[in-house]
Amino acid sequence: MKRIIFSNALLPSGWAHNVALEIDDQGIIAKVSLDDIDENLIVDGYALPGMNNIHSHAFQRAMAGLAEYATSEQDSFWTWRDIMYRFADKITAADLEVIATQLYLEMLKAGFVSVAEFHYLHHNEDGNLDMSHAIMNAALETGIGLCHLPVLYNSSGFGGLPLEEKQKRFGHDADGYINLLDDLLPIIQKNKDQNLGMALHSLRAVPENVLKECLDRNPTPGPIHIHISEQMQEVKDCIAWSGKRPVEWLYDNIDVDKRWCLIHATHLNDKEVKMIARSGAVVGLCPATEANLGDGLFPLRAYLDNGGQMAIGSDSHISISIVEELRLLEYGQRLKYQKRNIATSKQEMHSGTNLYLNALKGGAQASGFDNGVIEVGKRADIIVLDPASPLLAGTPVRHIIDRFIFNGNVNAVKNVFVGGSEVVSDYKHAREKQITGEFIETMERLKKVLD
Ligand code: ZN
């Protein structure tokens, strides 16, 4: 049993002073008590439940910022994807581990306590499991929680079109995919900070028969993630194929429930907004990447009004920041409606607080981690904001999260605990120098591939 005392902590009942936590060997909060002070154990600051990063393609960290030049008048998601394919083809398991380790270090320092890795970079020359091990090792080396989501990728377009040459590395048939999950499950289950779920790349990459077979045979108890309705082209192609929009098709053909996380879901009509909200599924929003790729704006106001669940992810990693994701999410809506404080509710009038609490709740559900609240029985996944940061100076506690989200660009995440272990202490990770050193070496080597 471990004991930590926070000078201030956000409990379900609100902010409290001198909150003592007892944390068991599995990283679960066993006891919460107030005013039980031991000066030596106090962590000074504002303790909040840490955020789950709900969507990541780790290898893309290495190409972040390198697709920001015009290749044609019609530059789009699809031209970006060609650059991504060229790079993906060259990455070895060793490269992936180094890139993911640096990325996960950056996530922890930004206040993310876990990452849902939507992993489609399979088939290393040494075997298929190597690429998953690279991801699992990177999580272990940094101490971040991992929801590992090996991706099923089976076709190049709606209606089961065969994979293109450049997509072959991502591909599995149903047997190969279920075997991969079967192989990974016993390994991952040994680690309290890791879990395994299923990911379906998209409706264009998984034909109906393969989708249904894999859902029937799914050996994992974890979440089920899918990219959906990210681009208008995808919506048009889905209508041409089936007569239905992607979300509409999914709900008409599959029993979508709380296990599901719909990534992006950018283009929704009113009926689809209600369908998702009613099903209890989570929408995984990646506002920085969605802006970067020119995807469009998610109908946040309507979705929250219908009681929809949301989470956030850093996806292509052009930004690794809870602050930027939530800020952009709100600002997109403000620009659209020409109003302020859009993502509020009757219960929570502070937009920063409301966004953060919503993303915590949806993020816990869609990552398979029982966290997101500081209370008995939950994982001790906690971040601490620095009371000495000029960013937070003179802040009444009810404004703390708003100030964290909507004020400046200085990182205020001072300490990070994952399953009760302090992995970032006073802004530093214990292995930071070595991890970043290896990353810089690998990036120098990959420079030729990226040019
Ligand atoms: Zn994605």
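View A. A265 is buried, at a relative accessible area of 0% (buried means under 20%, exposed over 50%, partly exposed in between, using a 1.4 Å probe and protein chains only). It sits in the loop between β11 (260-264) and α8 (270-279); helices (H or I, at least four residues) and strands (E, at least two) are DSSP runs, numbered from the N terminus. Phi of A265 is positive, about 45 degrees, although the residue is not a glycine. Most residues other than glycine have a negative phi. Bear in mind that this is a predicted model, where local features need pLDDT of at least 70 and side-chain atom pairs count only at pLDDT 80 or more, while totals for chains, interfaces and linings use all residues. Residues are numbered from 1 along each chain as its sequence is written, and side-chain values use heavy atoms, with hydrogens and water left out.

**View B. Q338, an exposed residue with a positive phi.** Q338 is another non-glycine residue with a positive phi, near 55 degrees. Look for Q338 in the loop between α11 (322-337) and α12. With a relative accessible area of 72%, Q338 is exposed.

**View C. The zinc site.** Three histidines supply the protein donors of the zinc ion: H55 (NE2), H57 (NE2) and H227 (NE2), at 2.0 to 2.1 Å from it. Donors here are N, O and S atoms within 2.8 Å of the metal (3.2 Å for Na, K and Ca), and water is not among the atoms, so sites may look incomplete. The spacing of the donor residues in sequence reads H-x1-H-x169-H. H55 belongs to strand β5 (residues 51-56) and H227 to strand β10 (residues 224-228), so the pair ties together parts 172 residues apart in sequence. Both H55 and H227 are buried.

**View D. Aromatic pairs.** The count of aromatic pairs comes to 13; rings of Phe, Tyr and Trp (its six-membered ring) pair if their centres lie within 6.5 Å, with planes under 30 degrees apart counted as stacked, over 60 as edge-to-face and the rest as tilted. One of them is F6 with F417, edge-to-face at 5.6 Å centre to centre and 85 degrees between the planes. F6 is in strand β1 (residues 2-11) and F417 in strand β15 (residues 413-418), so this pair ties together parts 411 residues apart in sequence. F6 and F417 are both buried. For Y356 and F404, the ring centres are 6.4 Å apart and the planes at 65 degrees, so that pair is edge-to-face. Y356 comes from helix α12 (residues 351-367) and F404 from helix α13 (residues 400-406), so the pair ties together parts 48 residues apart in sequence. Ring pairs also link F59, Y85, F87, Y120, Y153 and F170 into a cluster.

**View E. R334 over a ring.** R334 lies over the face of F406, 5.3 Å from the ring centre. The rule for such a charge is NZ of Lys or CZ of Arg within 6 Å of the ring centre and within 35 degrees of the ring normal.

**View F. Cysteines without disulfides.** The disulfide count is zero, a disulfide being a pair of cysteine sulfur atoms within 2.5 Å. For C147, the closest cysteine sulfur is in C261, 9.1 Å away and too far for a bond. C147 is buried at 0% relative accessibility. C286 is in no disulfide either, with the sulfur of C261 as its nearest cysteine sulfur at 8.4 Å. C286 is buried, with a relative accessible area of 0%.
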